[in-house]
Amino acid sequence: MSALLLFPQILQQALSMFRPEELFLSFNGGKDCTVLLDIIHNMNRKEAKRIKCIYVRPLNPFSEIEEFVEVCRSHYGITIATVSGGIKAALETICQEDPQLRACIMGSRKTDPYCERLEPFKETDPGWPKLMRINPLLEWSCDDIWSYIRDHNVPYCTLYDQGYTSIGDRTNTIPNPYLKVEEDSTGDITYLPAYTLKDADKHERAGRL
């Protein structure tokens, strides 16, 4: 069964386990959670559109990510709340501000660091806010993500066209060196778009410091 077919099954299961008001999408402006947002928004279930979307804003965000969050607000016609800080502190704030929240939909894939043993439904570790982590994209590859984005004309952050392939914040992210192109005659350096990266699951995070 393809990864794309598994996605709605996992989300349908989530909606049978939790009320929409108990769910939220953890959004950071990256390609993976953008795919999540697009699929949720286009699901043929009214309650899916009531799932909150919360932008977890890092301490030193790229201006392009900030601009893209605004693009998503307009494109999807939704409210995107903003919570700043590291992911653990942000989740604590989110749960304090809305105690009815019980589950977080995340864009983790098995090729992400520390995610190889994740399951579609997995409670947070001890010491973290008590939430069910829902991971619909675990079986997706980086190529799957880009195929969906390009096949469905999904908007994405402009940094990906500048050679960034995995985006954190301004202190820990550079263009991917595997996409570097140096002009022979001038020595000028440019970067290919993220969707052209070869062996993407292996090299996706080569631009993270």
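Analyst: Domain bounds come from an automatic or database domain assignment. Keep in mind, too, that this is a predicted model.

User: Which stretches does the domain assignment give for this protein?

Analyst: The assignment gives domain 1 at residues 3–134 and domain 2 at residues 156–202. Taken over C-alpha atoms, their centres are 26 Å apart.

User: How do you know that residues of domain 1 are in contact with residues of domain 2?

Analyst: Contact asks for heavy atoms within 4.5 Å. By that rule, 12 residues of domain 1 are in contact with 15 residues of domain 2. The two domains also bury about 1200 Å² between them, and 63% of that lies on carbon and sulfur atoms.

User: Why is the pair D201 and R109 called a salt bridge?

Analyst: Let's set the value against the cut-off. The rule needs a side-chain nitrogen of Lys or Arg within 4 Å of a carboxyl oxygen of Asp or Glu. The closest N and O atoms of D201 and R109 are 3.4 Å apart, so the pair meets the rule. Across the interface of domain 1 and domain 2, the rule finds 1 salt bridge.

User: What makes up the side of domain 1 that touches domain 2?

Analyst: Its residues divide into 5 nonpolar, 4 polar and 3 charged. Helix α3 (residues 63–76) supplies the largest share, 3 residues.

User: Where does UniProt place the feature "domain: Phosphoadenosine phosphosulphate reductase"?

Analyst: The unreviewed UniProt entry places that feature at residues 23–174. Over residues 23–174, the chain is 30% helix and 16% strand, with the end C-alpha atoms 33 Å apart.

Key: Residues are numbered from 1 along each chain as its sequence is written. This is a predicted model: local features need pLDDT of at least 70, side-chain atom pairs count only at pLDDT 80 or more; totals for chains, interfaces and linings use all residues. Side-chain values use heavy atoms; hydrogens and water are left out. Buried area is the accessible area (1.4 Å probe) that two parts lose on being put together, summed over both. Helices (H or I, at least four residues) and strands (E, at least two) are DSSP runs, numbered from the N terminus. Ala, Val, Leu, Ile, Met, Phe, Trp, Tyr, Cys and Pro count as nonpolar, Asp, Glu, Lys and Arg as charged, and the others, Gly among them, as polar. UniProt positions are given in the numbering used here, feature names are shortened, and annotations may be inferred rather than shown by experiment.
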